[in-house]
Amino acid sequence: MSKMNVDDPKLTAYALDELDESERSAIARATADSPEMQRFVADTQDLARALRSQYRLELQRGLVAPELRTFHGDTFWPNAGPLAIAALIAVLAVVGAVMFSGNESRTSAPSGSSLSGPLAMERAQPNQFTPVEVEDGARLSQNEKFEADAGPYAFTGERPFVSVMSRPRASVPLVVNSASYLDVRRSIDAGLLPPRESVRIEGMINHFPYEYPQPTTGEPISLNLDVVTCPWEPTHRLVRIGLKGHQNVPVRADSRIEVEFNPRRVASYRLIGYDRQKTETQNSNEDDVGSHPMAAGYTLTTFYEVVPLKRVGTAAHTQMANVAGEASEPLLTAKLQLNTRGIDAAVGLIQRTLSDTGFDFAAAPSDLKFAAAVAEFGMILRDSEYKGNGSLQQVLEWAQQGKGADINGYRADFIELVRKALALKTS
């Protein structure tokens with residue numbers, strides 16, 4: 001196809017997933033080597049979600065004129081032609097810029113906020129993000145009900161920080177598609193930074209094996225918990241949840257790790273990765289109730305970034321206040337809900353609690369350092385608003401510190417990949 005630019009209405013239609021497959025493929029190829037067009041696509045998708053959510057919110061509040069209510073729900077987007085939508089988005093972009101400019105700093109609490117004083121004060125700190133409240137769900141969700149789980153994806157885009165007071169429980173599936181790392185490597189080896197949507201952080205992390213302890217007697221899987229200073233945002237804590245299989249187990253897709261955060265220790269949390277992709281159905285994880293064989297030695301690594309309810313200082317190596325007195329108060333409880341084929345009830349329930357004793361990232365196990373390097377690498381490639389103070393040079397350093405024995409050379413491969421990405425970023 002002829003050369004495109006960001007003014008082409010078909011590019012907007014492509015961003016809204018309103019073109020047929022042949023047109024989508026052609027535009028995907030045209031945008032593959034254009035960071036400007038890739039950013040335009042991502043920004044258009046973000047704006048469309050915001051406008052759609054704002055419409056729903058105003059509809060619920062009775063602020064939408066009766067003659068416009070025929071566009072309720074998802075009926076507007078399919079009924080309007082893609083080029084009409086493109087034109088509408090172009091107009092609304094101006095309105096949107098005005099609407100959302102007031103939120104540019106993201107540091108002030110809304111009037112009438114029910115947040116406690118300490119949490120509201122935290123919003124004024126650098127790299128702090130307003131946690132999602134129950135009443136804020138409609139602004140970020142394509143469904144009426146906001147879900148923080150990785151299960152039924154309830155919104156597109158990155159997962160926000162979620163208020164523990166309004167939603168203390170979350171969950172993570174046990175099966176992760178790790179193909180994203182190969183896609184990212186293929187793109188960087190070809191001399192191109194990968195498209196944002198191809199970077200699946202949870203898949204990249206789990207491309208690599210990790211050395212978790214073997215399960216105890218009678219348990220098919222070990223459940224391991226760690227917490228250290230978050231390296232890209234030292235005022236936060238980084239929680240790692242790791243699994244390791246001991247024997248071959250057919251695991252149903254509805255098996256998951258359930259996590260409950262302690263509201264006396266945690267203000268908000270964010271699941272890293274597991275972002276919904278437009279090609280996935282709304283309930284893709286819930287509908288797929290087949291089994292996935294979990295081989296002996298299988299590992300799964302998941303990260304939560306946690307904002308403590310009480311903390312002091314902002315230096316990179318600051319320790320938690322009153323660590324000795326708070327160590328007995330758990331940060332969270334994790335439960336492994338293991339379901340197998342042909343059995344409706346859980347056949348395995350393993351539970352662990354995690355207390356925060358103030359470990360710094362510098363003292364973290366090498367496996368954790370390496371996995372954190374992969375996570376931050378993914379966030380930088382996605383240009384995530386949650387990437388914090390991290391850089392590719394720091395990713396390189398963390399990966400080198402976490403390289404370990406690296407018998408198969410997988411981690412050396414990643415380190416070389418980061419070097420190539422750093423060269424592409426600086427060229």
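Predicted model: local features only at pLDDT ≥ 70, side-chain atom pairs only at ≥ 80, totals over all residues.
Visitor: What makes up the protein, in helices and strands?
Guide: There are 14 helices and eleven strands. Of the 427 residues, 48% count as buried.

Visitor: How many salt bridges does a search of the whole structure find?
Guide: The search finds 13. Asp413 with Arg185 is one of the salt bridges.

Visitor: Why is the contact of Asp413 with Arg185 called a salt bridge?
Guide: The closest N and O atoms are 3.3 Å apart. The cut-off is within 4 Å, for a side-chain nitrogen of Lys or Arg and a carboxyl oxygen of Asp or Glu.

Visitor: What does the pair of Asp413 and Arg185 tie together?
Guide: Asp413 lies in helix 14 and Arg185 in helix 8, so the pair ties together parts that are 228 residues apart in sequence.

Visitor: Why do Asp413 and Arg185 count as partly exposed?
Guide: Asp413 has a relative accessible area of 27%, and Arg185 has 28%. Buried means under 20% and exposed over 50%, with partly exposed in between. Both values fall in between, so both residues are partly exposed.

Visitor: How do you know whether Arg200 and Glu202 are buried or exposed?
Guide: Arg200 has a relative accessible area of 13%, and Glu202 has 7%. Buried means under 20%, so both residues are buried. Arg200 and Glu202 also form a salt bridge, with the closest N and O atoms 3.0 Å apart.

Visitor: What makes Glu416 and Arg419 a salt bridge?
Guide: Their side chains meet at 3.7 Å, N to O. That is within 4 Å, so the pair qualifies. Glu416 and Arg419 are three residues apart in helix 14, separated by about one helical turn. Glu416 is partly exposed at 37%, and Arg419 is partly exposed at 38%.

Visitor: Why is helix 12 called roughly antiparallel to helix 13?
Guide: Helix 12 and helix 13 pack at an angle of about 155 degrees, with their axes 7 Å apart. Angles over 145 degrees count as roughly antiparallel, so helix 12 gets that label against helix 13. Helix 12 passes helix 13 in a left-handed crossing.

Visitor: Which residues of helix 12 and helix 13 meet?
Guide: From helix 12, they include Phe370, Ala373, Phe377 and Ile380. From helix 13, they include Leu392, Val395 and Trp398. By class, the contact has eight nonpolar, two polar and two charged residues.

Visitor: What makes the phi of Asp383 worth a remark?
Guide: Most residues other than glycine have a negative phi. Phi of Asp383 is near 50 degrees, a positive value. Asp383 is found in the loop between helix 12 and helix 13. Asp383 counts as partly exposed, at 34% relative accessibility.

Visitor: What is the phi of Asp406, and where is this residue placed?
Guide: Asp406 has a positive phi of about 50 degrees, although it is not a glycine. Its place is in the loop between helix 13 and helix 14.

Visitor: Why is Asp406 called buried?
Guide: Its relative accessible area is 15%. Buried means under 20%, so Asp406 is buried.

Terms used
Residues numbered from 1 in each chain as written. Heavy atoms only, no water. Helix = DSSP H or I, 4+ residues; strand = E, 2+ residues; numbered from the N terminus. Buried < 20%, exposed > 50% of the residue type's maximum accessible area, 1.4 Å probe, protein only. Axes fitted to C-alpha atoms, helices over the stretch in contact; angles between N-to-C directions. Parallel < 35°, antiparallel > 145°, perpendicular 65-115°, else oblique. Left-handed = near helix turned anticlockwise from the far one by under 90°. Contact = heavy atoms within 4.5 Å. Nonpolar A, V, L, I, M, F, W, Y, C, P; charged D, E, K, R; others polar.
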